[in-house]
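User: I am new to this structure and would like to go through it with you. Could you show it to me?

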Amino acid sequence: MSVITYETVFIAEPEISNDQVDQLINKIKQAITANQGTLTGEDRWGRRRMAYAIHGHKEGYYAVLNFTAEAPVVNAIEHLYNVTDSVIRHLTTRIIKKNKTFRPRREKPAGQAEGARYAGRPSSGGYRPRSDAPAKPAAAAQPAAAEEAAPAPAAAPEGGTPS
């Protein structure tokens, strides 16, 4: 089996004391070292407001642990979280390191200003259609305009002649 890098985050009840937090983190550390894992980082965020209430709690004590270990250690930590009543939520994720290399940025030609994005293009007079589709023919639009422009016949008043 290979050694994998993990990060585990848990939220404990906000009423928990600092001594109880220390005991909980020590239990997690012991579970990691008992399964031949090594702790690489620990970060205590402290008591923070949650985005939504969980089990009636609007706040929680956050802590993050980074470690390297083999895959079975995650099951041991998850079991520890599930049997501990003071843990409200927990999440353990695998950290995948990618050795991505990016192309260097393309250099701009000399003499081109920062805002001269459309320097070589002709001016369109302010309006420019969003798509490359051809515009509708103007002949199809004329009959509709002619119908709207024609005046409606006047109605004759009752009992009289139209003036």
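User: What does the side chain of Thr92 make a polar contact with?
Analyst: In this predicted model, the side chain of Thr92 makes a polar contact of 3.0 Å with the side chain of Glu78. A polar contact is a pair of N or O atoms within 3.5 Å; within protein, one must be able to donate a hydrogen and the other to accept it, and residues adjacent in sequence count only if both atoms are side-chain atoms. The side chains of Thr92 and Thr8 are also joined by a polar contact of 3.0 Å.

User: Where is Thr92 found, and is it buried or exposed?
Analyst: Thr92 is found in strand 4. Strands (E, at least two residues) and helices (H or I, at least four) are DSSP runs, numbered from the N terminus. Thr92 has a relative accessible area of 17% and is buried. Buried means under 20% relative accessible area, exposed over 50%, and partly exposed in between, with a 1.4 Å probe and protein chains only.

User: Before we go on, how are residues numbered, and what should I know about the model?
Analyst: Residues are numbered from 1 along each chain as its sequence is written. As the model is predicted, local features need pLDDT of at least 70 and side-chain atom pairs count only at pLDDT 80 or more, while totals for chains, interfaces and linings use all residues; side-chain values use heavy atoms, with hydrogens and water left out.

User: Which strands are joined to strand 1?
Analyst: Strand 1 (residues 4–12) runs antiparallel to strand 3 (residues 57–69), with nine bridges joining them. Eight bridges join strand 1 to strand 4 (residues 87–95), again antiparallel. Two strands pair if DSSP finds at least two bridges between them. Glu7 stands opposite Asn66 in strand 3, and Thr5 has Ile95 as its bridge partner in strand 4.

User: Changing topic, how many aromatic pairs are there?
Analyst: The count comes to three aromatic pairs. Among them, Phe10 and Tyr81 form a tilted pair, 5.7 Å centre to centre with 40° between the planes. Rings of Phe, Tyr and Trp (its six-membered ring) pair if their centres lie within 6.5 Å; planes under 30 degrees apart count as stacked, over 60 as edge-to-face and the rest as tilted.

User: What does that pair tie together?
Analyst: Phe10 lies in strand 1 and Tyr81 in helix 2 (residues 72–83), so the pair ties together parts that are 71 residues apart in sequence. Phe10 counts as buried, at 1% relative accessibility, and Tyr81 counts as buried at 2%.

User: What about the largest nonpolar core: how many residues has it?
Analyst: The largest nonpolar core has 22 residues, and those with the most contacts inside it are Phe10, Ile28, Phe67 and Val73. Such a core is a set of buried Ala, Val, Leu, Ile, Met, Phe, Trp, Tyr and Cys residues joined through side-chain atoms within 4.5 Å.

User: And which element gives the largest share?
Analyst: Helix 1 gives the largest share of this core, six residues.

User: Finally, how many salt bridges are there?
Analyst: A search of the whole structure finds four salt bridges. A salt bridge is a side-chain nitrogen of Lys or Arg within 4 Å of a carboxyl oxygen of Asp or Glu. One of them joins the side chains of Asp22 and Arg44 (2.5 Å, N to O). Glu42 forms a salt bridge with Lys29, with the closest N and O atoms 2.8 Å apart.
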